[in-house]
Every structure is written in C-alpha cells, then in structure tokens.
Amino acid sequence: MTESTAPQSDDHRTVLLRGGEVHSPADPFATAMVVEQGHVAWVGSEGAADSFASGVDEVVDLEGALVTPAFTDAHVHTTATGLALTGLDLTAAGSLTEAAALVRRHAEAHPADRVLLGHGWDASRWPEARPPRREELDELTGGRPLYLTRVDVHSAVVTTALLDLVPGVRDLDGFRADAPLTGDAHHAVREAAHAAVSPAQRVAAQRAALHHAASRGIGTLHECGGPHISSEDDFTGLLALADTEAVPRVVGYWADRDIDRARALGAAGAAGDLFADGSLGSHTACLHEPYADAPHTGEAKLDAAEIAAHAVACTEAGLQAGFHAIGDAALTAVVDGFRAAAEKLGLARIRAARHRVEHAELLTPETVAAFAELGLTASVQPAFDAAWGGEDGMYARRLGTERARALNPFAALLRAGVPLAFGSDSPVTPLDPWGTVRAAAFHRTPEHRVSVRAAFTAHTRGGWRATGRDDAGVLVPGAPADYALWRTGQLLVQAPDDRVARWSTDPRSGTPGLPDLTPGADLPVCLRTVVGGRTVFSGPNG
C-alpha cells in the first residue's frame, strides 16, 4: 500500500494518500489527501494529486480504502478497559452457570494474583436473573479475594476474603450481606482491589487498552478518572504514557470538586464521572418516580446547590465542569445547578465554558431545552440503548415500557441544538465506534434516531468540540492529521427519513458518503490509524 522515499519520523513526513475515498467537507468527491507536519495540508481529486507526487516523502496507494477522521471516544476508563481485555471478562457470559465457570477457570489460571479482578456480569440477561452470591464466589475462588464489577461498574460482588481486607466496610452505606455492593461500600472495596494492581500491571493494561482503541480507528480518548474511580498515579501515568508513546491522544477529566487538585493532575476539567447519581442497572440512578421493579427512587449524590457551586468555581477557574447524571431527578438537579451558576456569573460565561453532562439518559423536553440554553454538551453512549433498550430490555424492566421509551433522545437533543459527543464508557460497552454510530442511527426507539452522518459527526468532531476545540475531527486543510483508513463496501448517506437516504446517494447532492451501517451489514475494518501524522496502528493490509 505504501511507497516511501525518505526516512523521517512519521509526524515530520509529507505524505500523499491517493486512490481512495476521503471523507471531507472540503471536497465531497475527494480521493486524495496530503499530510504535512502532522496536519492536513490538502484534500482533492486524483488528477490534482499528480502535482504533489514528486515532492512528498511517502505515497500511500489507498487501493480504494475509505479515509475518515479518526474517532474520538468521549468517555473511557482506560485502565479498567485494559484489565478487562487482559483478564476476567464476563460480558459474554450468557448465564450464571457460565459466569461461574469463567470465574473458577480464571482463579485456577492466576494463582499468584493478590486480588482477582473481573468485570462485566449482567444478571438482567441471565435465565437465573440473579448475580452470584458471596458464598458461591468464595467456593469458586478457593477463598481468595475477588472483585467483580457489574457491567455498569456501579455495583460489584466480592468474596469474603476481599471484605476482610477493608476494615469497617460492613458499616458503610451500600453494604448488604445478600446483594451487590453499591455506594461507599463499593468504593471502599474497589480502592482495596485496585491497590493490589502493581505499577507494571497497570501500565500493561493501559497499553493494551490504547492499542485496542487504535485498532478500532480511535485517535483520541477522554479518560474519566476520579478519586472514587481510579488513583492519581493511574491518571497521571496514563497521561504521561499517551504523551510519550505512539498511541491515541488522551484528554483527562478528573471527577473531583477540588478543582485545584484536578488542575494539578493535568486534567482538562473537574468533570467526567462526578456523580450526581448512579446507574439504572444497579437501581442507583436518581428518579422522580420509583423504579418499576424496586420500591425506591435511587440515590442522589449531589444537590442543585452543590452542582451550582462547582459550576461557578470551574467557570471562574477556566476549567470545564461536568457531572455524571442518568436519572430524570439527577438531570433536573444538574440543570437547576447550572441555571443558578448562570444567574451568578451570567449565561454567556456558562455557555462559553462548554460544561459537560455524562450519559444524560432520562431527559425531558424541559431538560433538553435547558441543555441548549446553557450550552451543555451531552456526552452520551448510544451502545447503552443497543444493549439495554427496547420493550424487552433491562431499561423497560427498571422503568416500565412507557418511561423507558424516553431514554437517550438523540434526535431531540440535535433538534434543540445541544452539542453531542459520543463515547462508549468502556469497559461498560466495547470500544466500537462504527457500532456506536449504528446504534444511534438505528435506535430501538425510532423517534430518537439520527442520521448516520450526524452520528458520525458526534463521534468525531463532537468529541473535539467537547474539549473546546473547533478545528479538529474533520479532514480539512489545517486540521490535525488524525485519520483512519478503512476497508468497506459501498458508501451512501443514511438518514431516519428513507427519502433523504435515497436522494443523498445521488452524486449531485454533494454529500460525502459513509459506509452502510444497516443492522446485519458488515462494519468497516480498520487498516491504519494515524494521530498527528504518526501511525499508531497498522493492520496486516494497512
């Protein structure tokens, strides 16, 4: 695929890519692109590319490949993702029996691990409809410490041996002898479990996650760390690794109301998973009305006054604020808090700061309108709907069918002018950007669907805009040369209105096409990922 003419470092070479399809608003019919000094220098037609060929260091024959901006995943837990990739992953377990066999096998295969770590169980999908009990895990592990997070990472089941490593845990909020741990009890055992991960194990997990992301065409990750999620060493070590190795970029968010600490750690914001509530799967998302399958309304972690104080402090300090909010009551508190901040500082200052809300699932027309008014970015995860939406899904069981239909209203957010940034919350759902775009375009609730083009933009340019950058995530002259090469089939334009999709395949529309993401169709295969002109992934044919 490549002909090289000069041995220079990747990011200082001038490269001509030609003979493919370049997805660029600068030229909807572009087949070639020039990269120079880590930035896009030109995009255009095959004929015009001839004039560049003799003056570049490398010519890449795309052989019909598609070139797109690299994806940005706007919500990731990198070390946890790497540990799931390299360790005990229960996301594919179809039953409690299957999960138990995987736990036993992992324990037998890792006799030297101080604490056994695993992730991904989801009892809502199992015929037994319950998580493993503590005594069962004690037997499966031979009495060793085990920390096993639910797929949403908001609760965990553990062994007695791990509890014994955490004095006082049985007196903390969220501890129940016969149920998964939540709240403070969960945070305490998570801290003890993660403390058993050696620095070498941590770096290996981070590299595994970053290399996996690169192999999926992801050029930038937003790491969502915080004192209840990961350690400071984990956070700063990841930022340093991303700054020195040929891996995707990492933008770090530290979920802490101590904004001086967040800044000292190198965070872009005191944001990310600063919890206003929990999750629907663990019954901890905060609702206005009780759950359909539990006699309570979840857990409120922050009130509007606390949210307002943090938003004011971050705005005055020039940092992004942000909150994790899933339930309608939590989202009301977030909106009320930002409105109070706007009353104190002025709406223009709040809008200019581009504060964020992570997940933002159970929105109402009123909270959608408030997001638009306040300039809040909705950092959302379409794969949540693919995994748990629909009339028979976990969301419907938690909320009832009617209330669950309101979840993840991407079309309403776009119509209101709310900026969207797509992510995975990996390891909650996989690093799978084309799958994420598909999930938004083919939402289980049809009125929430958006066009493939809008979803693609939210997963590329939207992630950059969420960090305050408007000059990236798109292949135009002057933009960072963050791009991916893909093997794919016919390009077209898909929209919720089928008439638009048919018309837009006409070349006269001037709309650059994207792969066919119809459910069941093969997703594009990443051949190469480049970040700032430097190759961070090259497949066998890349």
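1. In what follows, buried means under 20% relative accessible area and exposed over 50%, with partly exposed in between (1.4 Å probe, protein chains only). This is a predicted model, in which local features need pLDDT of at least 70 and side-chain atom pairs count only at pLDDT 80 or more, while totals for chains, interfaces and linings use all residues. Residues are numbered from 1 along each chain as its sequence is written, and side-chain values use heavy atoms, with hydrogens and water left out.

2. Helix α13 (residues 365–374) has Thr 367, Val 368, Ala 370, Phe 371 and Leu 374 as its buried residues. Viewed down the axis of α13, these fall within an arc of 160°, so they line one face of the helix, the arc being that of the directions from the helix axis to the C-beta atoms. Pro 365 and Glu 366, on the other side of α13, are exposed. Just after α13, Gly 375 takes a positive phi of about 70°.

3. Helix α2 (residues 78–86) packs with helix α7 (residues 199–215) at an angle of about 90°, their axes 7 Å apart. The two helices are therefore roughly perpendicular to each other, a term that covers angles of 65 to 115 degrees. Axes here are lines fitted to C-alpha atoms, for helices over the stretch in contact, with angles running from 0 to 180 degrees between N-to-C directions; contact means heavy atoms within 4.5 Å.

4. Strands β11 (residues 146–150) and β12 run antiparallel and are joined by 3 bridges.

Conventions: Helices (H or I, at least four residues) and strands (E, at least two) are DSSP runs, numbered from the N terminus. Angles under 35 degrees count as roughly parallel, over 145 as roughly antiparallel, 65 to 115 as roughly perpendicular and the rest as oblique. Two strands pair if DSSP finds at least two bridges between them.
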